[in-house]
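Hi,

Here is the structure I promised to pass on to you. Have a look at it first, and then read on for what I found.

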2 protein chains.
Amino acid sequence: MARLVMKFGGTSVADLERIRNVAARVAQAVAAGDEVAVVVSAMAGATNQLVGWCQELSPLYDAREYDTVVATGEQVTAGLLAIALQTIGVDARSWVGWQIPIATDGQHGKARIDHIEGAELIRRMQAGQVPIVAGFQGVGPDRRITTLGRGGSDTSAVALAAALQADRCDIYTDVDGVYTTDPRIVAKARKLSHITYEEMLELASVGAKVLQTRSVELAMKERVRVQVLSSFSDAPGTLVVDEDEIMEQEMVAGIAYSRDEAKLTVRRVPDRPGVAAAVFFPLAEAGINVDMIVQNVSEDGTTDMTFTLNKTELPRARAVLESLHDSIGYAELAADSNVAKISVVGVGMRSHAGVAGTMFKALAGRGINIQVISTSEIKVSVLIAAEYTELAVRALHTAYGLDVA
Amino acid sequence: MARLVMKFGGTSVADLERIRNVAARVAQAVAAGDEVAVVVSAMAGATNQLVGWCQELSPLYDAREYDTVVATGEQVTAGLLAIALQTIGVDARSWVGWQIPIATDGQHGKARIDHIEGAELIRRMQAGQVPIVAGFQGVGPDRRITTLGRGGSDTSAVALAAALQADRCDIYTDVDGVYTTDPRIVAKARKLSHITYEEMLELASVGAKVLQTRSVELAMKERVRVQVLSSFSDAPGTLVVDEDEIMEQEMVAGIAYSRDEAKLTVRRVPDRPGVAAAVFFPLAEAGINVDMIVQNVSEDGTTDMTFTLNKTELPRARAVLESLHDSIGYAELAADSNVAKISVVGVGMRSHAGVAGTMFKALAGRGINIQVISTSEIKVSVLIAAEYTELAVRALHTAYGLDVA
């Protein structure tokens, strides 16, 4: 017997038939003797409609009213799933944020959960009732409804699992787990049975969008064991856990890629102390996130600075730097949107030498030029021309021995 | 300067364009210096969709979960209208039942309002903010969302007007007021500038469905002045008020009709004490409402008992009486669904003689046979064959001098 939080995303509850399927799955867990709490998203499409109405009425809508409108999507699903469960003989009760309560910091549209009051839900679970919790929302200090921002239902589920001291948080989605890379690119991609929080974070933030990043950070902080699995199959999913739980750590867990990046080079910047700050501080002030940064060795008293950023931020970054042309004193700006970032991720690389070397060799062997390199403790990323993305991912997947036998 | 509650029904907020129109109307009242609170229904069609989902999942759905699901419709409208108002420069804030709170007795699906906490809303109105209150709902003693049942938003509006000590409750709907009779039948029907609560109740319950009956009862009890008017025109509506407020009371306010009735006759019942109870007590126990009752004079130790009831109840009423055939000892049951009830309503008839006489004479003049008669202090009703409905209504409308000049 375990205590579980089961979370179902929008496609898993898209219509009444799927809500019935979810009910059947929950009933199965209850029949197996588990104590179960459920977290639900809005029915697929519902949130977009509600958001669309707010935006159409006013592009600068009041975030408090936006939250009041948009949070209804999950409330509907919670009530419907409770009815579906009762119909098949499972005692269930819906809960919205203010009822539990799920106390948030009151930042509308992007609230953070401060505290979940778990005692009453635990009491009911122990008495055999299944709480169905509306995800994505809570209540602020001023008794206004707050939402956690897009994808926030994953975070709701993990936070609830922590508050309920659950043994595991199962996130049901439309993929059946976390793969060594994108199966649409590499047919031999392998589903991972386990992955560490850190690896999941790196894979998620570079493109393998399975779990919302915030939910993984929270799971790592609260040591919540998370399982990612499909609501449309019975196959086991991928367990996201602490490093200690994984017996035989592979050197590399997976290969991620992102085509959302652009590269910006500031040419012939005077090579003097403080010039990097002169470039990057104004960008940060403008709210532009910079990812990889390289600065070449100086030759003639000037240097080239290259960095990557999200493609959508490129026009704003250019405008910021152009306005600083005279004060920085560079020769020109060169932008390139036709790039991809390829990352090799694995906690095993901490104790294994040669991970980067294997990467560079594999790419060189396919004639792929590396434009920028950046490394972290559990990741090596390179920037390459976008047209080589699939070739690079396949080459690396094979080079690290990740292909299905 | 007045303090107003403005209530907008589902067709008045059916889409974003209409919500913008409602916002403009509210802004106008605010600009005129009034303190305004607004009550909104769900967007037309939204409630039906939510109710349909509950019913499809389970015909015997849990009323607590039904309330959780269905109450979201008004929450969405309240948030959207707040955004629409802010966009045109009016300070507004949405409120759902638990936030105010609107405390109800917790009877799910048909809750009654116990108490509305008005102080905070009054404070905000005095500071120039417009509260937008989600109609149709409140919160029960167990902190569960409760709905007031269909049409409950009118009741929300009247109860709020009482709690806020408003000068008037304006109910915006898709008709522009209360007429002397159905304008689809009588082209010369006249819009009433005033009507008493009592008359409104009689007119509403016999077919002129403009305001929900419960809301009128509450308005009468709390002495809330209610105005019925159209959200699609600027014409003045009909004021529903206390009798004292109406200077020159007409004898008859209007002519109502209902085709929802059926007539059931129990023939040759033994004419002895207690026989009426033997017939009507079991019907009441089965939850069947009986309307008009007549008992003919006894001739041969037996009598005929005739009564009317809602058409939809006829099969159940027959079944109840057939099961009692031996104990009551009647000869036969005769049912007739092809009947209509025509009512003449007016508080003025208390002090004017001859109201019934005028009615009988007008009907006789058109060759219309009266099957059953029933009278109350402010109403005379007759049952006639259904095919004479329009003819009878027109004849009476003219006979009482109600036609537009």
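The crossing of helices α2(A) and α3(A) is right-handed. Please keep in mind that this is a predicted model. Helix α2 of chain A covers residues 46-57 and helix α3 of chain A covers residues 63-70; their axes lie 9 Å apart, and the packing angle is about 150 degrees. Angles over 145 degrees count as roughly antiparallel, and α2(A) and α3(A) are therefore roughly antiparallel to each other. On the α2(A) side, the contact is made by A:Thr47, A:Leu50, A:Val51, A:Trp53 and A:Cys54, while α3(A) brings A:Tyr66, A:Val69 and A:Val70. Sorted by class, that makes seven nonpolar residues, one polar and no charged ones.

Next, the place where the two chains meet. Chain A and chain B each put 27 residues into their contact. On the chain B side, α2 (46-57), α3 (63-70) and α4 (72-87) each supply at least two residues. The most comes from α4(B), with eleven residues. By class, the chain B side that touches chain A has 14 nonpolar, nine polar and four charged residues.

Chain B also has a sheet that I think you will enjoy. It is an open one of four strands, in the order β13-β18-β20-β19, with antiparallel pairing. At the edges stand β13 (254-258) and β19 (372-376) of chain B; each has a single partner strand, so one side of each is left without a neighbour in the sheet. From one strand to the next, the twist averages 20 degrees. Helix α12 of chain B, residues 355-365, packs on this sheet and touches β18, β19 and β20 (379-385) of chain B, its direction making about 20 degrees with that of β20(B).

What does β18(B) pair with on each side? Five bridges join β18 (residues 339-345) of chain B to β13(B), and seven join β18(B) to β20(B). In β20(B), B:Val382 stands opposite B:Ile342.

Is β18(B) mostly covered or uncovered? It is mostly covered, with seven of its seven residues buried. B:Val339, B:Lys341, B:Ser343 and B:Val345 point one way from the strand, and B:Ala340, B:Ile342 and B:Val344 point the other way.

Happy browsing, and do write back with any questions.

Best wishes

Conventions: Residues numbered from 1 in each chain as written. Chains lettered and ligands numbered in written order. Predicted model: local features only at pLDDT ≥ 70, side-chain atom pairs only at ≥ 80, totals over all residues. Contact = placed C-beta atoms within 7 Å. Nonpolar A, V, L, I, M, F, W, Y, C, P; charged D, E, K, R; others polar. Pairing = 2+ DSSP bridges. Axes fitted to C-alpha atoms, helices over the stretch in contact; angles between N-to-C directions. Parallel < 35°, antiparallel > 145°, perpendicular 65-115°, else oblique. Left-handed = near helix turned anticlockwise from the far one by under 90°. Buried ≥ 20, exposed ≤ 12 C-beta atoms within 10 Å, placed from the backbone.
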